[in-house]
Amino acid sequence: MNNGSNSSYCVRGATASIFAIAVALTHGLAVAQNMRSGSPVAAVRGPLRAFQPSDGFIDPAPTRYAFCRASLRTKNYALPSKQVFEGDTGWFFHADELDSNPSITPDLLDDFTRLTRTLAQRGTKLVVVVPPPRGLLAYSHLPPQARGTMATPYDARLRAYQSFVDHIRRAGPMVPDILAEANRNGVSLDRLTSPSDMHWSTTGAWIASLAVTRQIARQKLKGGVPPLMGTASLVGAESYRTTLDTLCRTPGRGQTVRAFTLPATPATQNRADIILVGTSFSALTHRYSFAPFVQAYSGMATQNLAVAGGGPLTAFRQYAASERFKTDKPKYLIWEFSPSMMSDAGFASQLGGVLRTACPANTPATSAALGAGLSALATGEDIANAGPEGAPIQMTVKSDNAAFKRFTVFLNYVDGRQDTVDMDSRAAPDMAANYTFILPDDRALLSDIAVRSNDPLSGTLRTQLCPAVDPVDPNPATPTLFSRLAAWFKSFWS
């Protein structure tokens with residue numbers, strides 16, 4: 001959903017596009033004509049030994065990639081922001097990594113505060129892990145145009161990331177300092193990420209686990225970093241090179257990851273002290289071992305519920321909507337996500353719906369048939385009658401078809417604008433077809449709300465609108481006249 005940050009986000013997007021175009025114009029002249037080829041690397045395990053930072057970083061390809069014409073054309077990529085460029089030899093980047101800086105809106109900070117307080121009421125502390133952007137970690141390896149005088153300099157990128165995590169920290173969650181931990185252990189920042197992939201390296205996951213431990217179990221590190229015994233291996237993985245090989249129809253070696261696997265721990269029937277929800281950074285344990293590292297250093301039983309390919313909220317929402325959430329009382333809930341993911345359409349609306357109290361049973365509901373095309377969810381009159389003027393309103397959409405997981409909600413305004421909320425929870429098989437969103441604060445200007453399934457499905461949709469009750473503060477302050485007028489006027493600047 002669009003929010004108050006749209007203007008600045010569009011400016012950042014346009015700036016990133018300019019730098020991407022500049023790189024594209026010169027990229028073909030810079031690449032060499034040779035590249036590595038062969039089959040994917042199979043896992044090769046070594047003897048049991050103590051982890052070293054060098055065990056978790058794979059060296060970049062020794063030769064430059066021979067970009068074909070198809071790989072130099074933006075239109076051949078699914079999204080322009082995902083066009084691939086090569087910086088230093090063997091270092092590959094998406095266009096959106098060349099000149100992007102994370103930012104956060106006041107509404108999102110309010111939601112972090114709400115989530116922290118709601119979990120604290122249950123006896124759980126929220127820990128937010130934010131892997132630093134690759135455009136910061138690997139700044140010295142970016143294409144020259146992305147490090148030029150017109151590009152965002154390193155210091156500005158560093159300040160933007162630190163400001164991002166500091167704002168979240170002030171909202172209440174614990175936010176481990178990954179950059180400080182890397183400096184403390186003498187690990188170069190570029191070793192925290194893969195040369196050919198968006199993820200962190202195993203070294204980056206190791207540093208992040210130390211930063212988490214320093215927050216939740218500082219006493220474990222008082223005598224220094226204890227050695228972790230395990231086995232090293234090389235594992236084949238998808239990468240930006242895979243995209244290039246597909247476009248160029250070239251059989252390439254692709255990317256390898258130097259993984260480090262800890263010995264399996266005996267299963268326990270006790271409840272986990274730590275629940276981990278996050279993205280592929282956490283879910284791909286066989287590559288990065290983030291959850292095992294956290295468990296080993298903190299000494300706390302850790303349950304990894306991260307979901308790969310689901311964005312920042314899928315795992316969180318799946319856990320929050322599960323039966324186990326009702327009885328689980330972990331000491332810590334670790335939520336890992338990349339800052340770039342927070343700009344996805346509908347993130348603010350979806351985050352606002354997490355951990356909300358359900359609408360009362362007597363709340364009026366509307367039903368609609370699920371089928372081809374748009375299905376009406378609410379009229380302007382339904383929205384106006386949902387709650388007091390200016391109060392936050394939540395919308396719950398339920399389906400009797402469990403396959404209702406990929407859809408778009410359309411928010412139509414009387415002035416012709418249209419906001420959208422895109423939802424895709426296919427990566428979360430345990431998540432029920434039950435979704436809660438928060439309507440925008442200028443909801444009085446909405447003419448109707450509709451939904452379109454992105455899969456051919458049949459069934460029924462049931463929608464409820466009611467005041468969004470905060471589980472911690474059920475009686476929030478009534479919005480002032482000024483805030484209501486500000487929300488109304490904001491629509492003309494969107």
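Where does Ser-399 sit, and which residues does Ser-399 touch?

A: Happy to walk through it with you. Please keep in mind that this is a predicted model.

Let's start with the whole. The protein has 494 residues, and 51% of them count as buried. Its fold is built with 15 helices and 17 strands. Among contacts with a separation of 6 or more, 81% are between residues 24 or more positions apart. The accessible surface is about 22,100 Å², and carbon and sulfur atoms contribute 55% of it.

Now to your serine. Ser-399 belongs to strand 12, which covers residues 393-399. Strand 12 pairs with strand 17 in the antiparallel sense, and seven bridges hold the pairing. Within that pairing, Met-395 stands opposite Leu-465 of strand 17. Strand 17, residues 459-467, also runs antiparallel to strand 10, residues 365-370, and six bridges join those two. One of the residues bridged there is Ala-368, whose partner in strand 17 is Leu-461. Strand 17 therefore pairs with both strand 10 and strand 12, where pairing calls for at least two bridges. As background, side chains in a regular strand alternate between the two faces of the sheet.

Is Ser-399 buried or exposed? Its relative accessibility is 15%, so Ser-399 counts as buried, the cut-off being under 20%. Setting aside residues up to four places away in sequence, Ser-399 touches Leu-370, Phe-404, Ala-433, Thr-460 and Leu-461. Leu-370 lies 29 residues from Ser-399 along the chain, and their C-alpha atoms are separated by 8.4 Å. The side chain of Ser-399 also places a polar atom 3.0 Å from the backbone nitrogen of Asn-401.

For comparison, let's turn to a threonine elsewhere. Thr-203 lies in helix 6, residues 202-216. Thr-203 has a relative accessibility of 1%, so it counts as buried. Beyond its neighbours within four places in sequence, Thr-203 is in contact with Phe-51, Pro-53, Gly-56, Phe-57, Val-187, Arg-191 and Leu-192. Thr-193 is 10 residues from Thr-203 in sequence, with 7.9 Å between their C-alpha atoms.

One of those contacts, Phe-51, leads us to the aromatic residues. The whole structure contains 18 aromatic pairs. In one of them, the ring centres of Phe-51 and Phe-260 are 4.9 Å apart and the planes meet at 75°, so the pair is edge-to-face. This pair links distant parts of the chain, as the two residues are 209 residues apart: Phe-51 is in the loop between strand 1 (49-50) and strand 2 (84-86), while Phe-260 is in strand 6, residues 255-261. Both phenylalanines are buried. Ring pairs also bring Trp-206 and Phe-293 together with Phe-51 and Phe-260 in a cluster.

Rings meet charges here too. The charged end of Arg-417 sits over the ring of Tyr-413, 3.8 Å from its centre. Arg-317 likewise has its charged end over a ring, that of Phe-437, at 5.6 Å from the centre.

Conventions:
Residues are numbered from 1 along each chain as its sequence is written. This is a predicted model: local features need pLDDT of at least 70, side-chain atom pairs count only at pLDDT 80 or more; totals for chains, interfaces and linings use all residues. Side-chain values use heavy atoms; hydrogens and water are left out. Helices (H or I, at least four residues) and strands (E, at least two) are DSSP runs, numbered from the N terminus. Buried means under 20% relative accessible area, exposed over 50%, partly exposed in between (1.4 Å probe, protein chains only). Contact means heavy atoms within 4.5 Å. Accessible areas come from the Shrake-Rupley method with a 1.4 Å probe; for residues, only the protein chains shown count as cover. A polar contact is a pair of N or O atoms within 3.5 Å; within protein, one must be able to donate a hydrogen and the other to accept it, and residues adjacent in sequence count only if both atoms are side-chain atoms. Rings of Phe, Tyr and Trp (its six-membered ring) pair if their centres lie within 6.5 Å; planes under 30 degrees apart count as stacked, over 60 as edge-to-face and the rest as tilted. A charge sits over a ring if NZ of Lys or CZ of Arg is within 6 Å of the ring centre and within 35 degrees of the ring normal.
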